[in-house]
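User: I am new to reading protein models. Can you take me through some features, one at a time?

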Amino acid sequence: MKGDPVERERFERIPERIDGLVDLAYNLWWSWHPAARVLFKQVNGCAWKESRHNPVRMLLDVPEGYLWRAARDREYIRRYDIIMERYRDYMGKKSSWFTEEYSACRPVTVAYFSAEYGLHHSLPFYAGGLGFLAGDHLKESSDLGVPLVAVGFMYSSGYLHQHIGPEGLQMDIEEPLDRDAAPITRVLDPSGGQVVLRVPHIDPPIHVALWKVQVGRVLLYLLDTDIEENRPEHRGISHRLYYGGREERLLQEIVLGIGGRKALSYLGIHYAAVHLNEGHPAFALVERVRERVGKGMSYEDALDQVRGTTVFTTHTPVPAGHDIFSTDLIDRYFSEYYRCLGLSREEFLAFGTHPEDPDAGFNMTVCALRLSAHHNAVSRRHGEVTREMWHSLWPRLPVERVPIDAVTNGVHLPTWLNPRMAALFDEYIGAVCPYWPLEHDNPVVWELVDEIPDEELWRLHLWLKTKLFNRVREMKRAKWAEHLDMPENVVAEGVFLDPMVFTIGFARRFSTYKRADLIFTDLERLVRIVNNPWRPVQIVFAGKAHPADRAGQEVLARVYRFARSPEFGGRVAFVEDYGERVAQYLVHGVDLWLNNPLPPMEASGTSGMKAAINGVPNLSILDGWWIEGYNGRNGWAFDREYVGEDRDARDAAAIYDLLEKEVVPLYYARDLRGVPHGWVKTMKEAIKSTAPHFSARRMVKEYVNRYYPKMLACASIPALRI
Ligand SMILES: *Cc1c(COP(=O)(O)O)cnc(C)c1O
C-alpha cells in the first residue's frame with residue numbers, strides 16, 4: 001500500500017510521526033483490537049463517529065488540525081507507539097500455534113473460497129450467518145498463524161439498508177460502496193495499473209479486477225466485474241450478493257470459482273488445499289481438475305488429487321439454499337470448457353447430477369460433494385441431517401457411515417466479546433492466567449469466571465443494556481430529526497425501552513423457518529406476560545428479510561404491527577437495519593437470547609454464541625448448536641421431538657411456560673442491593689460453557705487438525721505443483 005504513489009498521495013497530509021495510522025487503517029486487525037480503534041477515535045471522536053467507524057474514511061475526512069494535534073500530544077504518541085509496536089509484532093511474528101503444531105510439515109497454504117464475508121460494517125460483503133462464519137474463520141486463522149488466503153467478491157452497490165415503512169413494510173435502501181474510502185486496496189500490476197484478468201475458457205469472455213483486504217496476516221482477494229472491459233450485462237455480476245435470476249447467479253458462481261482460481265494463480269500463490277465455504281464456489285474444483293489435465297495429468301489422477309486436497313463445508317438443510325442450474329444454462333457457458341477437460345458433455349454434467357432427481361439440473365452442492373474427499377456439516381445434529389439428505393450419493397453405505405462429519409461452528413472471541421467484558425475477564429481470569437487470551441479455547445481457564453463478584457458482572461451488564469437502549473433511541477432520534485419517521489414507528493422502534501425491565505432479544509434473518517412471530521401465537525397470554533406489573537417483560541426484534549422473500553417480509557410486517565400496537569405499550573420493539581453494528585449492541589445488551597426455528601432447519605446458529613460469551617443466556621429450541629451447548633445450567637431449552645399440526649402452538653406454549661415459571665422469576669429474584677444472584681449464576685455458566693467450546697479458535701483448530709494432515713499427505717503424492 002505504501003509503495004503505491006497514488007495511495008500515498010491521498011494520505012500526504014498525515015504527519016509523518018503518526019503515518020503508521022495509514023497502514024493500520026488498511027488492516028482489519030484494528031477491528032478486533034479495541035485499543036487500536038481507540039487510537040483513531042482519539043484523533044477526533046466526531047470524525048470517528050461520522051465515518052461510521054471506518055478509519056480509512058476518517059483519515060481522509062478529518063480536518064488536518066486534529067491530526068497535527070495528535071502528532072504533538074505526548075500522551076497520544078506514547079499510546080501510538082505502543083499500539084504500532086503490538087501491530088508490527090503481530091504481523092511479523094514467526095512462531096504461532098500453527099508453526100508449533102505443524103513444524104514438521106512443509107509450508108503449505110490453504111485457499112478459502114466463500115461468496116460472502118462478514119468482517120466489519122465498513123465492508124458490507126455479507127448477508128448473514130454464513131458470511132460471519134467466513135469472516136471469523138479468517139480472523140482466527142490470522143491469530144493462529146494458519147497459512148490461509150481467501151477469495152470473494154467486491155460487492156459494490158449491493159448493501160441494502162432496511163427502513164420500515166407504514167404498516168411494517170420493509171424498504172431496501174441501496175448504499176453503493178465508496179471503494180476509495182473502504183479499507184481495501186487495488187492489486188496492481190508491474191506497470192502500476194489495477195490487475196484485470198479474464199475468466200479462462202468461458203465464452204463470452206468475462207473480466208475481473210482485483211482488490212485486496214488485509215485481515216491481520218490473512219489476505220482476502222476480492223473480484224470486481226464492474227469495469228470497462230466487460231460488456232454492460234456483465235458489469236453487474238459483482239454488484240450484489242445473491243441477486244438476479246438464474247443466469248446472473250450462474251455467472252456469479254463462474255466468476256467466483258473459476259475467476260477466483262485464476263486470480264490466485266496469477267498472483268503466484270501456491271496452495272496445496274482448498275476449503276469451500278458452501279457450494280457457491282464449487283466451480284473452483286472443476287477448474288483445478290481442468291488445470292491439471294491441461295498440464296498433462298490423466299483425468300483420473302487429477303480428480304483424485306483435487307478430491308484429496310479439498311474440504312467442503314455445507315451449511316444448510318433448507319432446499320432453497322442449494323443452487324441448481326438448468327443444463328441449458330450450463331451448456332451456454334461451458335461448451336468450450338467440457339472439451340478442455342477432455343470430458344463429454346454428459347460426463348461433465350454428471351458432476352452436478354443428483355441421483356434422486358437426475359433431471360433437475362446441475363446441483364452445486366452435489367458437485368462440491370463429488371469433487372471433495374472431506375466434507376463437513378456445521379453442528380453434530382446438522383451432520384445427522386446432512387448425511388440423510390445426501391445418502392443417495394453413497395447408496396452402498398449405511399446412512400451413519402455417509403462420509404460427512406461435523407465441525408461445529410464457533411465465533412471469533414475478540415470480535416464478539418465486548419471490550420469492557422474482556423477487561424473484566426482480564427482482571428479476574430488474568431490475575432491467575434495472564435495469558436488467557438491465548439488459550440481461550442481451554443475450558444479450565446474459564447472456571448475463573450466464578451471469581452468475578454456477582455455485583456460487578458451485574459453492574460457491567462446493566463451498563464451494556466443501557467448502552468444498547470441509548471443507541472436505539474439515538475438512531476430513532478436522528479431519523480425523527482430528518483423527518484423520516486411517523487410517530488407510531490418511533491414508538492415501535494424502541495424509544496420506550498426501560499433498562500430496569502427484563503429484556504428478550506430476537507435478531508436474525510427473517511426466513512420463515514426461523515419463526516420470528518412464534519411468540520405471538522397466543523396473544524392474550526403474551527400480553528399478560530409482557531404487562532405483568534410486578535415482573536414486566538420487553539422483547540426487542542431485529543432482522544432483515546431477503547428482498548425476494550415475500551413470506552419473510554410478511555412475518556416481519558406482522559411482528560412490526562405488534563410492536564406498534566398499544567397493547568404492548570412500547571415493550572415490544574423492532575430495531576431497524578440489523579447488521580454487524582446493531583448485532584454487536586444487541587448481543588451485549590439484552591438479558592436473554594431467544595431462538596425458536598423449526599427443527600431441523602437451523603444448521604448451527606451463531607448469534608446465540610455471541611450472546612452467551614457476553615453473559616446473555618439462551619432460551620432456545622433444541623436444534624443446531626444448542627443441542628451441544630445446553631447443559632441444564634447455562635440457559636433454557638425446549639423439545640424438538642414433536643412433529644404435528646399444532647407444532648407452533650406447542651412450541652409457543654413451551655416458551656410461555658419457561659418464561660412464567662422459571663426465567664422471569666429468576667431474573668427478578670434480587671437481594672437487598674438489587675443483585676439477582678441466581679440469574680448471575682446462569683450468566684456465568686453461559687460464559688464458562690460457551691466461550692471455550694464455541695469459539696472460532698476451537699473451530700479453526702479442529703479444521704486444521706482434522707483435515708490438514710490428510711490433505712498434505714495427498715498433495716505430496718504426484719509431484720505436480722500448480
Ligand atoms: C451472527 C450474525 C448472524 C447469524 O446469526 P444466526 O444466529 O446464525 O442466525 C446474522 N447476522 C448478523 C449481523 C450476525 O452478526
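User: At what angle do helix 28 and helix 29 pack?

Analyst: This is a predicted model. Helix 28 (residues 647–668) meets helix 29 (residues 677–693) at about 115 degrees. Their axes are 6 Å apart. Angles from 65 to 115 degrees count as roughly perpendicular, so helix 28 is roughly perpendicular to helix 29.

User: Which residues make the contact?

Analyst: Helix 28 brings V663, L666 and Y667. Helix 29 brings G678, W679 and T682. Sorted by kind, four of these residues are nonpolar, two are polar and none is charged.

User: Is K610 buried or exposed?

Analyst: Start with the cut-off: buried means under 20% relative accessible area. K610 has 6% relative accessibility, so K610 counts as buried. K610 sits in helix 26 (residues 607–613). Leaving out residues up to four places away in sequence, K610 touches F132, V411, W416 and V587.

User: What does UniProt place at K610?

Analyst: An unreviewed UniProt entry gives "modified residue: N6-(pyridoxal phosphate)lysine" there.

User: Where is T353?

Analyst: T353 lies in the loop between helix 15 (345–350) and strand 14 (362–363). Partly exposed covers the range between buried, under 20%, and exposed, over 50%. At 21% relative accessibility, T353 therefore counts as partly exposed.

User: What does the side chain of T353 reach?

Analyst: The T353 side chain reaches the backbone oxygen of L349 at 2.9 Å. T353 also touches P358, G361, V366 and R370, with residues up to four places away in sequence not counted.

User: How far apart are T353 and I324 in space?

Analyst: They are 9.5 Å apart, C-alpha to C-alpha. In sequence, T353 and I324 are 29 residues apart.

Key. Residues are numbered from 1 along each chain as its sequence is written. This is a predicted model: local features need pLDDT of at least 70, side-chain atom pairs count only at pLDDT 80 or more; totals for chains, interfaces and linings use all residues. Side-chain values use heavy atoms; hydrogens and water are left out. UniProt positions are given in the numbering used here, feature names are shortened, and annotations may be inferred rather than shown by experiment. Helices (H or I, at least four residues) and strands (E, at least two) are DSSP runs, numbered from the N terminus. Buried means under 20% relative accessible area, exposed over 50%, partly exposed in between (1.4 Å probe, protein chains only). Contact means heavy atoms within 4.5 Å. A polar contact is a pair of N or O atoms within 3.5 Å; within protein, one must be able to donate a hydrogen and the other to accept it, and residues adjacent in sequence count only if both atoms are side-chain atoms. Axes are lines fitted to C-alpha atoms, for helices over the stretch in contact, and angles run from 0 to 180 degrees between N-to-C directions. Angles under 35 degrees count as roughly parallel, over 145 as roughly antiparallel, 65 to 115 as roughly perpendicular and the rest as oblique. Ala, Val, Leu, Ile, Met, Phe, Trp, Tyr, Cys and Pro count as nonpolar, Asp, Glu, Lys and Arg as charged, and the others, Gly among them, as polar.
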